Number of protein chains: 2
Amino acid sequence: MEFADVVMKRRAVRRFVDGGVDREVLERIARLAQRTPSAGFSQGQRLVVVVDPGLRRRVGVVCGEQQYEPDFGRWISECAAQFVPCVSEGIYHRRYQEPDKLDEDGSEIDWPIPYWWVDVGATMQTVMLAAVNEGLGCGFAGPAGGVAPLREALGIPEAFTPIGVMPVGIPLPDVRSPSLQRGWVPFEQFARWDRWD
Amino acid sequence: MEFADVVMKRRAVRRFVDGGVDREVLERIARLAQRTPSAGFSQGQRLVVVVDPGLRRRVGVVCGEQQYEPDFGRWISECAAQFVPCVSEGIYHRRYQEPDKLDEDGSEIDWPIPYWWVDVGATMQTVMLAAVNEGLGCGFAGPAGGVAPLREALGIPEAFTPIGVMPVGIPLPDVRSPSLQRGWVPFEQFARWDRWD
């Protein structure tokens, strides 16, 4: 699909067919997601792709799916796969302790921005867009029950933080998120030319 | 351009033609960048697009361009425009203090993940890909001199944090980043199926 169409078609989907997407399609999405940049090419990002229905349900429970059920149904567990982006802050520190990245005084830089979160956000966006590119929909649910239970459910090591769960699948008509009634910020407020003020 | 080609063609560019890109092309990139999702549709992300050559140079200095000059030249200031993604954590808190987002006990959620950084990372990725889609290149430089001087150079208010500077322009042959010698993590390590372990 044309890039601009993918970006404009993307929206948060909250209702999917259960299953129905071939593994090779899911793998294409994951392979594109890997091509996301990272500070110093640290590559601290990872993906867990949950296909097994029992595990998907368990992940749904960790994300508080029951709260959503009256309005949206089981939109976190009923999908083709859950993409779970993870990131290791430690990988960034180790990368920036290598000789080519050290400060002049030989110490690790003071991180002005926690780029591990920024980079895994870039990975999240690539997954979303790659799903749309395959004609699929994608949502996002935070780990409402906490990061630790999500880590435990999927056997994710302590060194990696799963930032949430992205159900991907064939979209069904769903209830529009009430958040959308807020409308987009005017473009002139979003983007400013030369100086902010 | 086809979405998958855009993702696969993207790389960190460090040498550009100075200027040479129409404002409407830059605006198309900014308009696509706005279509990036955000937690609760908070839309805490913003862009400053720096076209003015004097301002670009000032921003380059703030990003420590002189350190790079022997190897890469003035790759931060000599470009068509610098895209500076910004984010306001406060907007997220205010959004999640609205009635539909409060916890059952009426308080703001405990944020398991700082989604403001994640979301502005998604915006960064949309800018990069949208630049490639226009046949342009895009780089990224952190505010080596600190966030405050970058904020001051562009008149960005305290409430917003600029996460870095993305020079966008017509790419010139450049010195490959030594980071790339590290190679990609094997796909089987990047993406895991069902469980991590």
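In strand E1 of chain B, B:Leu47 is the bridge partner of A:Ala191. The model in which this pairing occurs is a predicted one. The pairing belongs to a set of three bridges that join strand E6 of chain A, residues 191–193, to E1(B). The two strands run parallel.

Chain A contains eight helices and six strands. Along the sequence, these elements follow the pattern α-α-β-α-α-β-α-α-β-α-β-β-α-β. Taken along the principal axes, the box filled by the C-alpha atoms of chain A is roughly 55 × 45 × 30 Å.

The same surface serves both copies, as 100% of the contact residues of chain B recur in chain A.

The contact between the chains takes 68 residues from chain A and 68 residues from chain B. On the side of chain B that touches chain A, the elements giving two or more residues are helices H1 (3–9), H2 (23–34), H6 (115–133), H7 (147–154) and H8 (187–190), together with strands E1 (45–50) and E6 (191–193). H6(B) provides the largest share of this side, with 12 residues. By class, the side of chain B that touches chain A has 42 nonpolar residues, 13 polar residues and 13 charged residues.

Helix packing was examined next, both across the contact and within each chain. Two packed helices are described by the angle between their axes and the distance between the axes. Between the chains, the axes of H6(A), residues 115–133, and H6(B) come within 6 Å and cross at roughly 60°. The two helices are therefore oblique to each other. The crossing in which H6(A) passes H6(B) is right-handed. H6(A) contributes A:Trp117, A:Val118, A:Asp119, A:Val120, A:Gly121, A:Ala122, A:Met124, A:Gln125 and A:Thr126 to this contact, and H6(B) contributes B:Trp117, B:Val118, B:Asp119, B:Val120, B:Gly121, B:Ala122, B:Met124, B:Gln125 and B:Thr126. By class, the residues of the contact of H6(A) with H6(B) are 10 nonpolar, six polar and two charged.

H6(A) also packs against a helix of its own chain. The axes of H2(A), residues 23–34, and H6(A) come within 9 Å and cross at roughly 145°. H2(A) passes H6(A) in a crossing that is right-handed. On H2(A), the contact is made by A:Ile29, A:Leu32 and A:Ala33, while on H6(A) it is made by A:Thr123, A:Thr126, A:Val127, A:Ala130 and A:Ala131. Six of the residues in the contact of H2(A) with H6(A) are nonpolar, two are polar and none is charged. A:Thr126 of H6(A) takes part in the contact with H2(A) and also in the contact with H6(B).

In chain B, a further helix pair is formed by H3(B), residues 53–62, and H7(B). Their axes come within 9 Å and cross at roughly 170°. This crossing angle makes H3(B) roughly antiparallel to H7(B). B:Arg58, B:Val59 and B:Val62 of H3(B) meet B:Pro149, B:Leu150 and B:Ala153 of H7(B). The residues of this contact comprise five nonpolar, no polar and one charged. H7(B) is also among the elements that give two or more residues to the side of chain B that touches chain A.

Key
Residues numbered from 1 in each chain as written. Chains lettered and ligands numbered in written order. Predicted model: local features only at pLDDT ≥ 70, side-chain atom pairs only at ≥ 80, totals over all residues. Contact = placed C-beta atoms within 7 Å. Helix = DSSP H or I, 4+ residues; strand = E, 2+ residues; numbered from the N terminus. Nonpolar A, V, L, I, M, F, W, Y, C, P; charged D, E, K, R; others polar. Pairing = 2+ DSSP bridges. Axes fitted to C-alpha atoms, helices over the stretch in contact; angles between N-to-C directions. Parallel < 35°, antiparallel > 145°, perpendicular 65-115°, else oblique. Left-handed = near helix turned anticlockwise from the far one by under 90°.
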